[in-house]
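Dear colleague,

I am passing on to you the structure that follows, and below it I have set out what was found. Please read the notes with the structure open beside them.

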Amino acid sequence: MGKLSRVALLYVTAVVAAAVAVLVRGPFTGLGWSYIAVLGALVIISESRATQLRQGRLSWSPSSTAMLASVVLVGPVGAALVGACTAVALRRGPSVLQRVFNTAMHVLSAYLAGRAYLALGGHVGLPDASSFPRIIWPFAGAAVTQVAVNHGLLGGVLWLTRDAEPASAHAGVGLSARLQLSDLGYGAFGLLIAALWRVVGPFAPVLVLIPFIVARWAMAQFAEQQRAYEATMGALCQAVETKDFYTRGHSERVSRGSVMIAREIGMRGARLEALRYAGMLHDVGKLGVPTKVLQKTGKLTEEEYQAIQLHPMQGLAIVREIGFLDEALAGIMHHHERIDGRGYPTGLAGDEIPEFARVLAVADAFDSMTSTRSYRGARPVEEAIAELGKWSGTQFDPAFVAAFVAAIRREGWQRSAGEPAAAGGGLGAPSTAGPQDERSAPAVQDRDDPAAPQRVDSQ
Amino acid sequence: MRDSGQLLLVTAAGMVLVASVAQTAVAGPRDVRIAVAFGALIAFGELLRLNLPGDRESAPVGFAGALGYALLIRVGAHPVDDAAGQVVTVTAIGMIAGALPHLAAGRPARVRGMALRLLSVACVALVFRPIAGNADVVKNWGLAFSLMTSLAVAAVLLEVVLTAVLRVDEQRARFRVALVDEMRVQLPLGAAVAASALLIAFAAEVMGLAALAVFTAPLLVTQVAFRRYAGIRATYLQTVRALAKVTEIGGYVEVGHSERVSKLAVAIGRELGIHEPELLELEYAALMHDIGQLSLRDPIPGGATVLVSRQDQRRIAELGADVIQQARVLGSVAEIVRRQNEPYRETDTASLPGAAWEQGAAGQHGRASGSPLGSRIIKAANAFDDLVGSSLDPVRAAAAVQRLRLDTGSEYDPGAVEALSRVVARRSLIHL
């Protein structure tokens with residue numbers, strides 16, 4: 001939240017004052033303190049976790065479930081007290097102001113959920129078999145109220161502080177819209193805790209929450225593995241590139257460019273991921289091409305040209321066993337096909353070429369053009385865009401060229417490090433071990449350069 | 001011989017099932033509506049079975065449903081007094097019904113996992129069904145609660161222990177190691193299964209059979225999370241395996257070298273009682289042990305690193321470790337690769353060959369170089385593969401082991417070489 005404007009400060013003060021009023025007014029007679037103690041402890045424990053799970057649709061903190069259970073078991077004031085326990089959470093990170101506001105928000109949402117429950121005819125106390133299914137409607141009202149109040153109050157803060165961090169506010173609103181439904185779903189387990197309390201007492205929340213805690217653990221493991229996987233994939237792709245000094249960072253940038261195109265045409269989810277990996281791995285087969293051919297200066301013989309043309313197939317041979325890649329495999333194999341059918345390895349034309357391959361071809365050519373090669377300097381982005389336009393329809397799929405150009409116009413293009421034109425850039429290309437090791441061959445030609453026509457002796 | 005454990009298990013499960021069916025047939029089925037509901041839940045759970053890391057199979061929803069049925073006291077106000085035989089029969093029918101679509105789709109039946117779960121459920125049912133109708137137990141909820149909780153936990157533990165026993169049989173792992181590994185992978189999901197089983201049993205009292213659907217939901221969330229976790233683990237391994245092949249495609253090493261070394265290294269590691277997480281690191285390191293060669297301008301002829309100078313070997317190892325270090329998350333893998341060529345003993349002891357030999361043979365690690373166990377295993381496995389290659393000839397393999405043995409104490413870790421010789425001897429028996 002950082003520094004707040006006067007209006008925002010006023011807003012926060014009002015929310016906190018309302019929460020304090022609820023907590024001070026009571027009444028506190030006849031409250032089930034044992035319920036409040038157990039559920040409050042649960043809230044403290046769950047809020048003390050350093051990381052909240054935010055992975056796709058599985059986004060959840062047990063504390064809102066506990067507050068909804070307390071709505072049924074101890075009513076609005078008791079629920080507000082359970083909500084107040086969020087203040088005690090032993091979590092580092094949020095500022096004092098954030099913490100105070102969060103606590104006030106939970107107090108208010110729990111209290112109002114409790115009032116909604118009563119207003120819709122809900123009875124406070126242990127539900128029994130006769131309470132079902134009548135209890136469901138008041139409880140649903142309480143759950144909706146809780147989610148709405150939470151998101152409303154949070155949205156207010158984000159809206160009032162939007163000038164300071166416009167991007168994060170925007171992202172926050174989008175996120176909350178997606179989360180509301182799942183919040184409601186998890187809230188339903190509050191009713192189950194309340195219902196089970198009659199049978200197993202205070203073990204009810206523990207039993208209900210164990211599967212979720214395990215799920216959260218598994219999701220954390222998943223996230224950790226995914227990070228590790230990304231890092232390992234990146235490192236291995238770099239290892240492949242060490243063979244060719246001029247293509248340092250190329251895979252990474254082709255991957256990024258392909259994703260820009262794919263996003264532009266509305267691709268998302270697993271396909272987008274697969275395309276990202278396809279970009280990283282598209283040239284892996286170049287390792288099968290003898291170094292002396294890859295780095296040869298001057299014209300190639302027919303045999304050498306054929307050796308180069310084999311690299312998409314060899315790439316396929318390497319990555320074929322990576323199960324999830326599926327569509328990416330076709331992309332890697334066909335990324336040197338041309339729309340007019342004059343590409344390799346199979347000479348497919350037009351729509352016969354897999355979509356991934358057509359996307360990769362555009363990003364691959366563009367990055368080659370905007371990177372330095374020994375036989376030519378890096379071309380400016382504008383010139384490269386013009387060049388893409390020129391070959392659009394013969395070498396490249398026009399739809400993807402258009403999408404790429406639109407994406408570059410909006411987001412810009414981060415070209416390879418060490419390019420004089422890319423002042424302040426270089427984010428994409430990692431600088432690994434000193435280039436002295438590899439610079440043994442100064443006159444290196446990128447034999448995989450889709451932007452430069454291959455020169456074959458016999459032609 | 002290798003399947004003896006599994007055969008025993010399936011036979012036991014089959015006998016329990018036959019006895020149960022006979023008992024149910026004689027006594028007649030009871031509470032058919034409840035039985036059908038639980039049978040359907042078990043079938044559904046079996047349909048959704050899940051593969052955990054390390055080629056483990058699990059069906060959390062089906063298992064929880066079956067345990068919930070075994071622990072059932074009341075559905076609403078109606079007391080449930082189904083006999084143990086009926087619980088086992090319903091569980092078996094549900095499992096088979098859930099496995100049929102898998103078979104139809106050409107996937108393996110996974111009889112072993114089903115037998116394990118059926119036996120665990122049968123144990124719980126045998127203990128709890130006779131007391132479920134006992135008024136003293138049912139009225140004293142503290143007693144009932146603790147009894148049911150311990151039975152649910154025991155069932156999950158039983159499954160884990162039986163799986164570990166089978167793995168000892170199959171993979172020649174040590175029991176203690178197998179058990180700890182099994183617990184590490186299975187217990188989190190097992191906790192969720194036990195909790196869900198209890199929830200189903202308890203909640204049926206409050207909300208009737210709707211409890212089955214309601215309390216399957218949290219377990220489904222858990223299962224989705226585990227599926228994604230297992231998926232990324234499998235993808236990770238596949239990717240490292242695939243990308244390790246770049247050295248072969250590039251002509252830097254002989255085709256199949258990385259994979260053979262990694263298989264051998266993992267077998268040696270298992271023989272030496274290494275736990276699964278470290279075994280995985282060892283596998284990654286073995287797969288990528290030659291990745292440093294990519295930085296060489298020209299491949300070493302034949303790729304046999306054992307034939308180049310020690311200095312070059314060191315440089316390749318360093319370069320490879322640098323590559324892996326880039327990933328930041330594989331620190332110990334990089335360390336294993338970096339030190340894969342270090343001799344078992346530092347050179348100063350080499351001036352006294354006799355003493356070094358004796359000390360090495362006696363297994364004293366006093367002045368050893370202190371390279372990680374993984375490095376020492378890969379060093380031995382790599383040297384063996386450079387000498388033997390893809391050949392399956394037992395004589396050649398024995399000769400190679402003999403040659404490595406001569407260098408134990410100075411060059412190779414005697415423990416690793418002995419484990420290697422056991423692995424190779426077993427393999428020769430198979431190929432003879």
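**Salt bridges**

A:Arg342 counts as exposed because its relative accessibility is 64%, where exposed means over 50% relative accessible area, buried under 20% and partly exposed in between (1.4 Å probe, protein chains only). Its side chain meets that of A:Asp340 in a salt bridge, at 3.8 Å from N to O, the term standing for a side-chain nitrogen of Lys or Arg within 4 Å of a carboxyl oxygen of Asp or Glu. A:Asp340 is partly exposed, since its relative accessibility is 31%.

Please bear in mind that this is a predicted model, in which local features need pLDDT of at least 70 and side-chain atom pairs count only at pLDDT 80 or more, while totals for chains, interfaces and linings use all residues. Residues are numbered from 1 along each chain as its sequence is written, chains are lettered from A and ligands numbered from 1 in the order in which they are written, and side-chain values use heavy atoms, with hydrogens and water left out.

Over all chains, the count comes to 37 salt bridges. One of them joins the side chains of B:Glu271 and B:Arg422, whose closest N and O atoms are 2.8 Å apart. This pair links distant parts of the chain, with B:Glu271 in helix 11 (residues 257–271) of chain B and B:Arg422 in helix 19 (residues 414–431) of chain B, 151 residues apart; helices here are DSSP runs of H or I with at least four residues, numbered from the N terminus. B:Glu271 is buried, because its relative accessible area is 13%, whereas B:Arg422, at 38% relative accessibility, is partly exposed.

If neighbours within four places in sequence are left aside, B:Phe215 is in contact (heavy atoms within 4.5 Å) with residues of both chains, among them A:Leu192, A:Leu196, A:Val208, B:Leu199 and B:Met207.

Terms used
Helices (H or I, at least four residues) and strands (E, at least two) are DSSP runs, numbered from the N terminus.
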